[in-house]
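This briefing goes through one structure by topic. Please keep the sequence and the 3D view open while reading.

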Amino acid sequence: WGTLGHDTVAFIAQSFVSKKTASFAKALLNDSSDAYLANVATWADSYRYTAEGAFSSPLHYIDALDDPPAECNVDYERDCPEEGCIVSAIANYTARITPANVSLVERQKALKWVIHFLGDIHQPLHVENLEIGGNGINVTFNGTATNLHHIWDSNMPEKLIGGYSLSDARAWAGELVGAITAGKYANASSTWLNGIDIKDPVASAMVWAQDANSYVCTAVVPKGQEAVEGKELQGEYYDEAIVVIQQQIAKAGVRLAAWLDLIVEGKTGGH
Ligand code: ADE
Ligand code: ZN
Ligand code: ZN
């Protein structure tokens with residue numbers, strides 16, 4: 001996701017974390033503001049383009065070797081290489097947020113990565129190989145030449161909300177929190193934490209990866225890549241995709257909050 005998506009996921013999570021988790025995160029991040037998670041949600045995308053952080057670039061995705069739209073699936077052994085992927089990264093950095101023998105700077109980075117990667121693992125094209133996560137599929141959006149990955153990350157969310165500022169993210173998060181607690185996601189969201197087990201972070205992240213990857217076959221390239229290649233996608237394609245995007249952002253926020261609560265509760269062993 002771009003800035004709007006990541007900041008929105010973080011604001012949704014801020015609405016659902018326990019008081020204890022909020023205090024823990026504010027202290028570790030040294031930020032007592034009302035945007036303490038959102039303020040660090042895109043750090044990982046800046047860091048990956050520095051010399052020091054280049055190693056972390058492959059950790060933003062997992063390249064599923066499936067064949068959309070005929071088949072969509074992710075396989076950890078098959079698809080997560082030696083250098084790591086978003087699933088192994090979530091597992092590794094989850095384990096580096098609370099231990100006293102990890103330095104403060106490394107614990108801060110670990111939390112910032114988990115906040116970011118829980119967002120990215122909900123973007124279907126971050127859980128898909130097809131032409132490098134859709135980066136190699138040229139499309140136009142509102143007349144602008146771009147690619148399929150970029151419109152899912154940014155153009156389509158920004159068309160919906162009308163910008164990508166922190167206040168745009170706050171507003172979108174507010175709408176989605178309303179839909180989760182008492183609106184169109186009230187029923188579905190009760191299943192969004194199924195399969196989560198803090199003792200098995202790889203299995204938990206694989207549940208989220210399979211879920212996001214399934215939308216590659218149904219919403220990203222339902223009629224194959226030829227049907228979108230070179231096309232203008234701001235019409236019907238957008239109308240179908242934006243429904244999935246909203247739900248995936250909502251899920252990411254709910255799951256991030258629950259995951260952070262499990263990490264923080266795990267530290268002291270209970271309430
Ligand atoms: N680079 C290679 N695969 C990618 C993916 N699925 N998403 C983003 N960047 C990638
Ligand atoms: Zn992306
Ligand atoms: Zn990313």
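The expected span of a helix is 1.5 Å times one less than its number of residues. Helices (H or I, at least four residues) and strands (E, at least two) are DSSP runs, numbered from the N terminus. The model is predicted, so local features need pLDDT of at least 70 and side-chain atom pairs count only at pLDDT 80 or more, while totals for chains, interfaces and linings use all residues. Residues are numbered from 1 along each chain as its sequence is written, and chains are lettered from A and ligands numbered from 1 in the order in which they are written.

**Confidence**
- The chain has a mean pLDDT of 97, and 98% of its residues reach 70 or more; pLDDT is the predictor's confidence in each residue, from 0 to 100.
- For the complex, the predictor gives a pTM of 0.97 and an ipTM of 0.92.

- Strands β1 (residues 138-141) and β2 (residues 144-147) run antiparallel and are joined by four bridges; two strands pair if DSSP finds at least two bridges between them.
- Asn138 has Asn147 in β2 as its bridge partner.
- Two residues lie between the strands of this hairpin, and Asn142 in the turn has a positive phi of about 50°.

**Helix α8**
- Helix α8 (residues 148-161) has 14 residues and reaches 19 Å from its first C-alpha to its last, close to the 20 Å expected.
- At Ser154, shortly before Pro157, α8 has a kink of about 35°; the bend at a residue is the angle between axes fitted to the seven residues ending there and the seven starting there.
- The buried residues of α8 include Leu148, Ile151, Trp152 and Pro157. A residue is buried if 20 or more other C-beta atoms (placed from the backbone) lie within 10 Å of its own, exposed if 12 or fewer, and partly exposed in between.

**Helix α10**
- The end C-alpha atoms of α10 are 27 Å apart, which agrees with the 28 Å that its 20 residues should span at 1.5 Å a residue.
- Among the buried residues of α10 are Met206, Trp208, Asp211 and Tyr215.
- Val207 also lies in α10 (residues 201-220), but Val207 is partly exposed because 17 other C-beta atoms are within 10 Å.
- The C-alpha atom of Val207 is 11 Å from that of Tyr76, 131 residues apart along the chain.

**Ligand 1**
- Around ligand 1 are Tyr61, Asp63, Leu125, His126, Glu128, Ile132, Gly133 and Asn135; a residue is near a molecule if its C-beta atom, placed from the backbone, lies within 6 Å of it.
- This shell divides into three nonpolar, three polar and two charged residues.

Definitions and conventions. Nonpolar A, V, L, I, M, F, W, Y, C, P; charged D, E, K, R; others polar.
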